[in-house]
Amino acid sequence: MFVLEFKVKAKTQQYQAIDDAIRTAQFIRNKCVRLWMDTKGTGKNDLYRYSKELAQDFKFADELNSTARQASAERAWSSISRFYDNCKRKVSGKKGYPQFKKSRSVEYKQSGWKLLSPKTVKFTDKKNIGVLKLVGTWDLGYFQESDIKRVRLIRRADGYYCQFVLSCDVKEDVKPSGKCIGLDVGLASFYTDNNGNKVDNPQFLRKSEKRLKRLQRRLSKKKKGSKNRQKARQRLAKAHLKVSRQRQDFAVKLARCVVHSSDVIAYEDLRVKNLVKNHCLAKSINDAAWYQFREWIEYFGVKFGKITIAVAPNYTSQNCSNCGETVKKSLSTRTHQCKCGCVLDRDENAAINILKRGLSTVGHTGTFGLDPINAWGENTSTFSEAILSFASNLCEPRIPVSLERGVSTSPIHLNDS
Ligand SMILES: [Zn+2]
């Protein structure tokens, strides 16, 4: 699955119709959550049935396309089943009890819309959204209409967007590079690999951080409920949007480059859940960038038929990558220095540990204990070649990582909200 996104160009009255559709979708989703809370044993099919009933009871719900109503019920169900899942797996901390949500999008399945041309889409339900012009560099004409599984309309700080979720994932044939790479993520640099190559944190993160702080300060100074406050909020929202786009762009390019040039990529298994909301804005922006980068690594891993391994992040910086001895160090110690004579940059040492751990996980078990879609491309021989070259790879000359150009328009990852 991947997503193509366009900006929508339409008349004010059409934007209002989109807002109305979004509101209706939100209504159905929240009603479904309510039903589940109130009625013990409510299942997915009950929610589908309920979304039908709502259409009989409320005119505005009836106006929304039936598949869009279903999709709203599915959204409710996905937050319910996530909750069940967390309970079953005995996840520590919050289990994510389903909440009522303010939604910013409405999703249609395979009806309720029609592509009139690669750059125009018509919504055919009774919400009267009508024909929308699509602005963007993608060419939908390249795909079959049956490949489009979902169409979403999204409201953002700077306007309305239309996403097309496509099912066909195009695989690319990439020659094995004979290289394995381990990545250690840090605040000092974006990542360090097992050869000691560092990729710096992008400048824009620092700049945006300053800007966000300033706008936030301005917003808090404005009188509540005033026009100026509203304007300031709008400006802040736009700035956030801009950072997230820059981050996305950076993550895509870098991930593509890394996966293209290695056969096995090992990195720490960082989860969104553990990326706590931090007071340090630089850190939280950085964490988000890292998480996105990881998702893209996995995306390109599948696409290029490479192996991606997420390893447990414990002790990777404390253990000696040469002899395995634990060498305690504080965050400020930048050099790893071991009794065995091994002296390395702290992050480089960690990156080697990550790569070793990744390879050992895969090597010993034979069945990989990892999600096969993420862990495996189709090319098995690539993997053994990569293992064979592992030893020589560790002492290879250092080649600086450079970003490839011309990939800024890569598809966006599925992101259920
Ligand atoms: Zn050592």
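I take a residue as buried if 20 or more other C-beta atoms lie within 10 Å of its own, as exposed if 12 or fewer do, and as partly exposed in between. The model I am reading is a predicted one.

Entry on Ala157. I looked up its place in the chain and found Ala157 in the loop between β6 (148–156) and β7 (159–166). I then asked which residues Ala157 contacts once its neighbours within four places in sequence are left aside, and the list reads Gln234, Ala237, Lys238 and Leu241. I also checked Arg235, which is 78 residues from Ala157 in sequence, with the two C-alpha atoms 8.5 Å apart in space.

Entry on helix α2. Next I looked up burial along α2 and noted Leu47, Tyr50, Ser51 and Leu54 as buried. Seen down the axis of α2, these buried residues fall within an arc of 105°, and therefore they line one face of the helix. An α-helix has 3.6 residues a turn, so residues three or four places apart point the same way. On the other side of α2 I found Asn45, Glu53 and Gln56 exposed, while the buried residues pack against α1 (12–38), α3 (59–63) and α4 (66–88).

Entry on the whole chain. I noted 11 helices and 14 strands, and of the 417 residues 32% count as buried. Among contacts with a separation of 6 or more, 70% join residues 24 or more positions apart.

Key. Residues are numbered from 1 along each chain as its sequence is written. This is a predicted model: local features need pLDDT of at least 70, side-chain atom pairs count only at pLDDT 80 or more; totals for chains, interfaces and linings use all residues. Helices (H or I, at least four residues) and strands (E, at least two) are DSSP runs, numbered from the N terminus. Two residues are in contact if their C-beta atoms, placed from the backbone, lie within 7 Å. The arc is that of the directions from the helix axis to the C-beta atoms.
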